[in-house]
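Morning, everyone. Please have a look at the chain on the screen, and then I'll walk you through some contacts.

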Amino acid sequence: MGIPTLDDLAVDGTTVGVRVDINSPLDEDGRLADDARLHAHVGTLQELLDRGGKLAVLAHQGRPGGDEFATLEDHADRLGELLDHPITYCDATFSTDARDAIAALDSGEAVLLENTRFYSEEYMEFPPAEAAETFLVDRLTPVVDAFVNDAFAAAHRSQPSIVGLPMRVDSYAGRVMERELDVLSNIEDTPRPRVYALGGAKIADAFDVAESVLERGLADEILTSGMTGNAFLAASGVDIGEPSMDAITDRDATAVEQAEALLSEYGEKIHVPEDVAVERDGERVEVGIDELPVDAPALDVGSDTAAAYADVFETAGTAILNGPPGVFEEERFAHGTREIFGAAANAEYSIVGGGDTAASLRQLGIEGFDHVSTGGGAALRLLTGDELPAVEVLRE
Ligand SMILES: Nc1ncnc2c1ncn2[C@@H]1O[C@H](COP(=O)(O)OP(=O)(O)O)[C@@H](O)[C@H]1O
Ligand SMILES: O=C(OP(=O)(O)O)[C@H](O)COP(=O)(O)O
């Protein structure tokens with residue numbers, strides 16, 4: 001992989017700064033609504049504790065001004081439960097209190113420091129050399145012996161705790177980071193035919209992935225669904241109706257032109273829905289493309305499309321999923337997601353990227369994937385062949 005990992009770190013008795021990504025959905029009371037990202041880091045933290053580390057754990061939650069911008073007190077309790085080992089919470093990140101809490105650690109103990117984004121520096125993006133000169137990095141550098149970055153889901157952010165600390169402290173990839181990079185950077189080694197299911201609502205991101213993997217010859221088939229599929233349907237010359245078109249152009253004014261360009265260059269590899277599902281009088285109603293346009297937005301693929309896509313996965317070597325095929329949050333529109341993702345789980349090898357995509361699997365109880373990424377934006381960056389700032393710095 002070319003970057004140092006925990007195998008290269010002599011942990012015992014040293015103080016290790018560990019950046020994790022436990023940024024999670026919160027419920028209306030501001031409590032953790034999903035602890036999947038906390039679960040993901042248990043292996044790295046447990047290993048470092050077992051090997052005698054004193055851990056200063058850094059993380060963010062939400063964005064300043066956003067609904068999910070919150071303290072990490074609840075996260076510390078939950079992490080302690082998951083690890084079966086108490087984690088102290090400190091309501092500071094790099095002040096004297098924080099540094100005292102770090103200095104007081106014994107081997108095999110951990111403190112979770114406060115949300116890094118309580119400090120404005122941490123919500124800005126800097127080149128690594130500038131990130132290395134921020135207050136957070138300046139104040140924490142003297143109190144840690146090594147730095148472990150396990151925050152794959154934030155690896156696309158060029159922020160102080162991601163790219164600044166590793167400029168000043170010996171740094172290593174944690175186990176989550178190591179596994180994510182191993183899987184997502186080596187797609188070309190996975191079995192063929194390689195089938196990408198691109199759905200969801202981030203149409204521009206789906207186009208980026210489609211273009212990149214088709215150009216690089218990585219994709220054998222692309223199954224389009226969700227709002228992305230609606231855009232391809234429109235690009236193939238079908239009048240999908242104003243509500244679906246408005247939803248697309250609200251997100252990306254040039255979506256249909258971009259889909260047309262992809263279809264004209266790679267049409268034989270791109271599958272477009274053959275039916276959709278809309279809501280009528282509160283019910284799911286399926287509509288074939290010859291019955292379009294309709295005066296309601298298409299919120300799922302229809303049963304024929306779901307069955308045809310499931311068939312493609314029957315013989316797939318690798319399934320790569322990004323973006324749910326329908327509005328799975330509503331049971332009426334979860335059919336496509338259940339059928340298509342359910343079939344994808346049976347492919348010889350299967351990879352899932354995207355926060356909502358992973359959430360749809362948990363919600364619908366679909367299991368059996370080889371790799372479910374903890375990252376959304378970070379996974380996309382790797383799927384499109386880009387380098388991640390966090391990883392570049394670890395390489396140096
Ligand atoms: N046909 C559709 N119309 C509108 N929204 C859709 C449609 N299909 C899927 N979605 C929505 O897409 C969202 C997830 O898309 P996206 O953010 O691209 O996924 P991810 O977070 O996995 O990258 C879900 O909330 C789902 O309800
Ligand atoms: O949730 C995250 O990314 P994701 O929404 O791409 O999965 C990461 O914690 C990064 O958070 P950010 O997108 O607020 O920088």
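Some ground rules. This is a predicted model, where local features need pLDDT of at least 70, side-chain atom pairs count only at pLDDT 80 or more, and totals for chains, interfaces and linings use all residues. Residues are numbered from 1 along each chain as its sequence is written, chains are lettered from A and ligands numbered from 1 in written order, and side-chain values use heavy atoms, with hydrogens and water left out.

Aromatic pairs next. Rings of Phe, Tyr and Trp (its six-membered ring) pair if their centres lie within 6.5 Å; planes under 30 degrees apart are stacked, over 60 edge-to-face, and the rest tilted. How many aromatic pairs does a search of the whole structure find? It finds 3. Take F94 and Y119: the ring centres are 4.5 Å apart and the planes sit at 45 degrees, so this pair is tilted. F94 is in the loop between β3 (88-89) and α3, and Y119 in the loop between β4 (109-112) and α4 (128-131), so the pair ties together parts 25 residues apart in sequence. Helices (H or I, at least four residues) and strands (E, at least two) are DSSP runs, numbered from the N terminus.

Buried or exposed? Buried means under 20% relative accessible area, exposed over 50%, and partly exposed in between (1.4 Å probe, protein chains only). F94 is buried at 7%. Y119 is partly exposed at 27%. Another pair, F207 and F232, is edge-to-face, with 5.5 Å between centres and 90 degrees between planes. F207 belongs to helix α8 (residues 203-215) and F232 to helix α9 (residues 226-235). F207 is buried at 2%, and F232 is buried at 2%.

Now salt bridges: a side-chain nitrogen of Lys or Arg within 4 Å of a carboxyl oxygen of Asp or Glu. The whole structure has 20. In one of them, D35 meets R78, with the closest N and O atoms 2.6 Å apart. D35 lies in the loop between β1 (15-19) and α1 (36-50) and R78 in helix α2, so parts 43 residues apart in sequence are tied together. D35 is buried at 19%; R78 is partly exposed at 25%. R332 and E279 also form a salt bridge, 2.9 Å from N to O. R332 is in the loop between β13 (318-322) and α13 (335-344), and E279 in strand β10 (residues 275-280).
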